Each structure stands twice: as structure tokens, then as C-alpha cells.
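Good morning, colleagues. Please look at the sequence and the model on the screen while I take you through them.

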Amino acid sequence: MNVAGMLEGKTAVVTGGTRGIGYEIVRVFVQAGAKVALFGSRQETVDRALEKIKEDCPGGSVMGLCPKLNVYDEVEAAMQQVKNEFGRIDILVNNAGISARDSIFEYDPKEFDRIMELNVNAVFYCVRAVAPIMKEQGGGSIINTSSMVSIYGQPAGCGYPASKFAVNGLTKSLARELGSSQIRVNAVAPGVTRTDMVASLPEEMVKRISAPIPLGRIGEPEEVANVCLFLASELASYVTGTVISVDGATIV
């Protein structure tokens, strides 16, 4: 798909941008003409992602940072650094997240807190830090990564779906609050997607996972990234407060 020019002149921040869906979002945004700051958890993974994106998208304008997303001062400083480097921030993609599948009978409360810190608090921190920048510029687009389990729940590991339910709530509430500042806020809710974890599964297991999906296959990271591209672009200029499922109509 030819996306050239769709984000020309725009600057984007993508958290969790070093691999999987996050990396694909970075790649697609750079191909669409955006300057992109990718955030990762460690400097070495950020450096590897920057090397790869420069190979995949020669001539693209990309920088990488690794602030602790659960520390507001670090998030705010990183956003200011991006603004100082690129001049503006038009798009924020809150993609960083973690999960766990422990039974409630074995769930470590500290693990629950850790999931909430990165999946919920960090989303709030990033929006809090970038919203004033976008307001001063006259608008922007914020995209949060949710999950299909935010709609259906899951049979174990209640922290992850609870955090994504919260992301949906933030998305809808912030869309109403920030609309007057011309800041659109939406979310994407991926289903089973071919990330590193899924790619390492045996083919037979992948077939079983694909069975309840009407399209007959799992999703590709680029397919989620393309929805993010639509939401970030002017094609979605009147779309806000939505949670878009990207799950092949998975039957649960």
C-alpha cells in the first residue's frame, strides 16, 4: 500500500516502538513521511530498532529514547526533548504494555500493580505531558493500544484486561475533554497478532488459535499499524472517542 505523504510534516511519538506492533507503527509512519521518536524500555533495544528502521526506511527522520514511562518527570522530559529536536509533536501512540496470565489464586499483587503502572498510568502520563504541546499547536491525534480482551475479558490474568478496560475509558473520556482543543483520541484493539511471541509457536498451535477467527488467520502487525496510520492522518479528521477492533471478528 502506498502511504507516502499521508503524514508529511507531522511528528509522532510511539511508545513500545522497538518491536512487534510498535515497530510496525514506527515503520509505517516513517514511510508516510512523519518524523518519529520511538520509545523503548532499554537503550540497547532502542539502538537496535533505530538501526533496523534506518535499513527499512532509508532517509527517514527517527530518534530513540528510553524514559521510564511510570515516572512522570522522565516522560515529560522526553516529550520536551522530542519537541526540541523536531519542533512539534502531532501524534502520540501509547503502545507500550505488559501482560500476565496468572490465576487470581496465584496473582502477585505487585505484578498487578506493575501492569497498571505501565498499561494505565503511563498512558495518562504520556497524554498529560503531550496534551499542552498539542493544544498550543492547535491540535493533534492520540492513539492508545487497547486489546480485544478489553471487550471480552479473558479466563485468567485479570490485570491485563482490567488495564485495557481502563485504556478504553481514558480514550473515551479524553476524547470528550480534549475535543475543544482539536485533539482527537482513539484506540485500536488488536486480536491475536503475529508478534515475536506468536511467531515462536508451533504451526499446529497457530492453526488452533486461528480456528475461531472468521477470516481464518491471525493478524499481521502491519494491519494494526495501518489502522493507526488512518487514525493519525487527516482521513480520520472527524473520528474521535472510538475503540476500533482489529481482530478479524474473532469469536470468543
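What does the accessible surface of the protein come to, and what percentage of it belongs to carbon and sulfur atoms? The accessible surface is about 12200 Å², and 52% of it belongs to carbon and sulfur atoms. Accessible areas here come from the Shrake-Rupley method with a 1.4 Å probe, and for residues only the protein chains shown count as cover.

Let me state the basis of these values. This is a predicted model, in which local features need pLDDT of at least 70 and side-chain atom pairs count only at pLDDT 80 or more, while totals for chains, interfaces and linings use all residues. Residues are numbered from 1 along each chain as its sequence is written, and side-chain values use heavy atoms, with hydrogens and water left out.

I turn to the overall fold. The protein has nine helices and seven strands; these are DSSP runs numbered from the N terminus, with helices being H or I of at least four residues and strands being E of at least two. Along its principal axes, the C-alpha trace spans about 45 × 40 × 40 Å. For 252 residues, a compact globule would have a radius of gyration near 18 Å, and the 17 Å of the protein agrees with that. The radius is taken over C-alpha atoms, and the globule rule is 2.2 Å times the number of residues to the power 0.38.

How much of the protein is buried? Buried residues make up 49% of the 252 residues, where buried means under 20% relative accessible area, exposed means over 50%, and partly exposed lies in between, with a 1.4 Å probe and protein chains only. Of the contacts with a separation of 6 or more, 74% are between residues 24 or more positions apart; a contact means heavy atoms within 4.5 Å.

As for charge, the mean positions of the 24 positive and 28 negative charges are 3 Å apart. Lys and Arg count as positive and Asp and Glu as negative, while His and the chain ends are not counted. Each charge is placed at NZ of Lys, CZ of Arg, CG of Asp or CD of Glu.

Next, the aromatic residues. Rings of Phe, Tyr and Trp (its six-membered ring) pair if their centres lie within 6.5 Å; planes under 30 degrees apart count as stacked, over 60 as edge-to-face and the rest as tilted. By this rule there are three aromatic pairs. In one of them, the ring centres of Y72 and Y125 are 5.8 Å apart and the planes stand at 70 degrees, so this pair is edge-to-face. It links distant parts of the chain, with Y72 in helix 3 (residues 72–86) and Y125 in helix 4 (residues 109–137), 53 residues apart. Y72 is partly exposed, at a relative accessible area of 22%. Y107 and F112 also form an edge-to-face pair, with 6.0 Å from centre to centre and 70 degrees between the planes. Y107 is buried at 10% relative accessible area, whereas F112 is partly exposed at 29%. One aromatic cluster is formed by Y72, F124 and Y125.

Helix 3 also holds E74, which is partly exposed with a relative accessible area of 31%. The C-alpha atoms of E74 and Y125 are separated by 9.6 Å, although the two are 51 residues apart along the chain. Neighbours within four places in sequence aside, E74 is in contact with P67 and K68.

Which residues does Y160 contact beyond its neighbours within four places in sequence? They are I98, S99, A100, Y107, I115, N119, S146, S147, V149 and Q154. Y160 itself lies in helix 6 and is buried, with a relative accessible area of 17%. Its C-alpha atom is 8.0 Å from that of R101, a residue 59 positions away along the chain.

Finally, two backbone details. Q182 has a positive phi, near 60 degrees, in a residue other than glycine. Q182 sits in the loop between helix 6 (159–178) and strand 6 (183–190) and counts as exposed, at 55% relative accessibility. A249 is not a glycine either, and its phi is positive at about 60 degrees; A249 lies in the segment after strand 7 (243–246).
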